[in-house]
Structures are given as C-alpha cells and as structure tokens.
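Visitor: I have a model open and some time to go through it. Can we take it piece by piece?
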Amino acid sequence: MNIRHEEERDYRYVEELTKRAFWNLHAPGCNEHYLAHCLRKHADFVPELDFVAELDGKIVGNIMYTKSKLVNEKNEEKTILTFGPVSVEPAYQRRGIGRKLIEYSVAKAKELGYEYIVIFGSPSNYVGLGFKSCKRYNIYVGDKIYPSAMLAMQLAGDGLGDQGWRYSESPAYELDDQEAEKFDETFEPMEKAVTNKQEEFFIMSRSQVRA
C-alpha cells in the first residue's frame with residue numbers, strides 16, 4: 001500500500017469514496033463527502049496532513065486534518081489537531097487501511113511539532129491506536145462535559161497540568177444542510193436507510209464519562 005498526499009486531481013474521487021464509506025452509517029444518507037469538499041478551502045485545514053492510501057494505483061482511503069484549539073482556565077490557548085473524515089472504500093474495510101492512514105499521519109503530525117490530537121469516534125476503534133478518554137487529560141466541552149466519544153492522544157510536550165482545558169473544534173465542521181443536499185445531488189444517487197448502527201451511534205455520541 002502506498003500513502004501519499006492528496007492532489008487536486010484526486011478531489012472528486014475522494015469525495016465519491018467518502019460518500020460510499022459513510023452512507024447510512026451515522027444517519028440516513030451522509031454529508032461527510034460535502035465536509036471533505038469544504039475542508040480543503042478552510043483556513044484551519046492542514047494540507048500537510050491530507051493523505052490518500054493507494055492499492056495497485058487505486059485510491060482506497062483518505063484522511064484529513066484541521067487545526068483546533070484548547071483553552072485553559074487562564075484563557076491560554078493551545079493549537080492542536082483534529083482529524084476526520086477518515087474514509088475507506090467499503091470493499092476494502094477491515095483490512096487495516098484506516099489504521100495505517102492514522103498511524104502514518106500521526107507520525108507526520110509529530111514531525112510538524114503538534115502536541116495533541118482530539119477526535120470524536122467510537123472508543124473501540126481508536127483506543128488500540130493510543131487514544132484515551134478526554135477525561136484522562138481533563139479536556140472537556142461546554143460546562144465541563146466529557147463526551148464518551150471524545151478521545152485524545154498526546155504526541156509531545158510535558159502534559160496539560162492539573163487545570164482543565166475546553167476543546168473547540170474548527171468552524172470548518174459547521175455545515176449548511178441545504179447546501180450539503182445540493183452538493184449530494186451532483187453524485188450518483190444512493191438510497192437512504194435506517195439501520196441499527198445509527199442508533200448505536202446516537203447513544204454513544206450523547207453519552208458522557210462521569211467523574
């Protein structure tokens with residue numbers, strides 16, 4: 001497998017792949033392909049960490065990063081990273097491609113000097129890669145809420161100390177649903193469906209870690 005930077009000529013194919021990877025996964029349909037389209041134009045996008053995975057010259061996976069931030073109780077800010085979407089062609093899933101993309105990009109993020117990555121995802125998918133509950137680092141959202149699906153990885157540095165840090169993701173992830181629908185109309189139609197996995201995602205995405 002070859003991992004390389006995404007190029008402009010890859011954009012549409014990566015968006016098509018992303019739609020196939022996320023369709024009906026978290027909700028009926030998806031908007032992750034529109035998110036991929038929008039991220040590249042945003043100031044927080046990190047092109048140095050935008051990678052595709054190829055097998056036999058065919059793109060089968062992609063990962064994208066944005067800058068995000070932590071703000072502590074003294075109102076001090078720390079620029080960190082968030083990744084997503086991470087997309088793998090459905091026919092190639094469960095072969096370790098997503099894992100290799102994450103491991104490769106995490107190593108590059110370390111080389112660039114970033115200290116932390118914070119993501120939202122299923123712990124069963126990411127704990128084995130070195131991510132831990134945000135509670136372990138006292139990283140929270142809102143009024144000290146520690147979502148079960150918010151995970152963090154320390155890449156470098158001496159740690160965050162004893163005080164709490166509020167996480168703020170990039171506004172690049174704020175999408176207009178109507179614009180997403182319009183964008184999706186330019187792709188091959190796929191049938192929306194309700195699945196049990198969507199209910200699992202609903203439960204996990206709204207649960208919290210308590211002290």
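Visitor: Which residue in strand 4 stands opposite I63?

Guide: That is V86. Keep in mind throughout that the model is predicted.

Visitor: How many bridges join strand 3 to strand 4, and do they run parallel or antiparallel?

Guide: There are 10 bridges between strand 3 (residues 58-72) and strand 4, and the two run antiparallel. The hairpin they form has 4 residues between the strands, and N75 takes a positive phi near 65° in that hairpin.

Visitor: How many of the residues of strand 4 are buried?

Guide: Of the 12 residues in strand 4 (residues 77-88), 10 are buried, so the strand is largely enclosed by the rest of the structure.

Visitor: What joins G84 and P85?

Guide: A cis peptide bond, with omega about 5°. P85 belongs to strand 4. As background, most peptide bonds are trans.

Visitor: What does the side chain of K78 make a polar contact with?

Guide: With the side chain of E115, at 3.2 Å. K78 is another residue found in strand 4. Leaving out residues up to four places away in sequence, K78 touches S68, K69, L70, E115, Y116, L160 and W165.

Visitor: Change of topic. How many aromatic pairs does a search of the whole structure find?

Guide: The search gives 10 aromatic pairs. One of them is F51 with Y104, which is edge-to-face, at 5.2 Å centre to centre and with 90° between the planes. That pair links distant parts of the chain: F51 sits in strand 2 (residues 51-55) and Y104 in helix 3 (residues 97-111), 53 residues apart.

Visitor: F51, buried or exposed?

Guide: Buried, at 2% relative accessibility. Y104 has a relative accessible area of 31%, so this residue is partly exposed.

Visitor: And what sort of aromatic pair do F120 and Y167 form?

Guide: A tilted one, with 6.1 Å centre to centre and 50° between the planes. F120 lies in strand 5 (residues 116-120) and Y167 in strand 9 (residues 165-168), so the pair ties together parts that are 47 residues apart in sequence. F120 counts as partly exposed at 43% relative accessibility, whereas Y167 counts as buried at 5%.

Visitor: Which residues do ring pairs link into a cluster?

Guide: Y65, F83, Y126 and F131 are linked that way.

Visitor: Where does the charged end of K19 sit?

Guide: Over the ring of W23, 4.6 Å from the ring centre. There is also K135, whose charged end sits over the ring of Y146, 4.8 Å from its centre.

Visitor: On to helix 5. Which of its residues are buried?

Guide: In helix 5 (residues 177-184), the buried residues are A180, F183 and D184. Viewed down the helix axis they fall within an arc of 95°, so they line one face of helix 5.

Visitor: What do those buried residues of helix 5 pack against?

Guide: Helix 1 (11-22) and helix 2 (32-39).

Visitor: Which residue caps the N-terminal end of helix 5?

Guide: D176 does, with a side-chain oxygen 2.9 Å from the backbone nitrogen of Q178.

Visitor: Now the backbone. What is the phi of D56?

Guide: Positive, about 55°, although D56 is not a glycine. In general, most residues other than glycine have a negative phi. D56 is placed in the loop between strand 2 and strand 3, and counts as exposed at 85% relative accessibility.

Visitor: Where is R94 found?

Guide: In the loop between strand 4 and helix 3. R94 is not a glycine either, yet has a positive phi of about 65°. At 86% relative accessibility, R94 counts as exposed.

Visitor: Last one. Where is the place of G113?

Guide: G113 is in the loop between helix 3 and strand 5. G113 counts as exposed, at 52% relative accessibility. From the C-alpha atom of G113 to that of D10 the separation is 27 Å, and the two residues are 103 residues apart along the chain.

How values were computed
Residues numbered from 1 in each chain as written. Predicted model: local features only at pLDDT ≥ 70, side-chain atom pairs only at ≥ 80, totals over all residues. Heavy atoms only, no water. Buried < 20%, exposed > 50% of the residue type's maximum accessible area, 1.4 Å probe, protein only. Arc of directions from axis to C-beta. Contact = heavy atoms within 4.5 Å. Polar contact = N/O pair within 3.5 Å; in protein donor to acceptor, adjacent residues only side chain to side chain. Pairing = 2+ DSSP bridges. Phe/Tyr/Trp six-rings, centres within 6.5 Å; stacked < 30°, edge-to-face > 60°. Lys NZ or Arg CZ within 6 Å of the ring centre and 35° of its normal.
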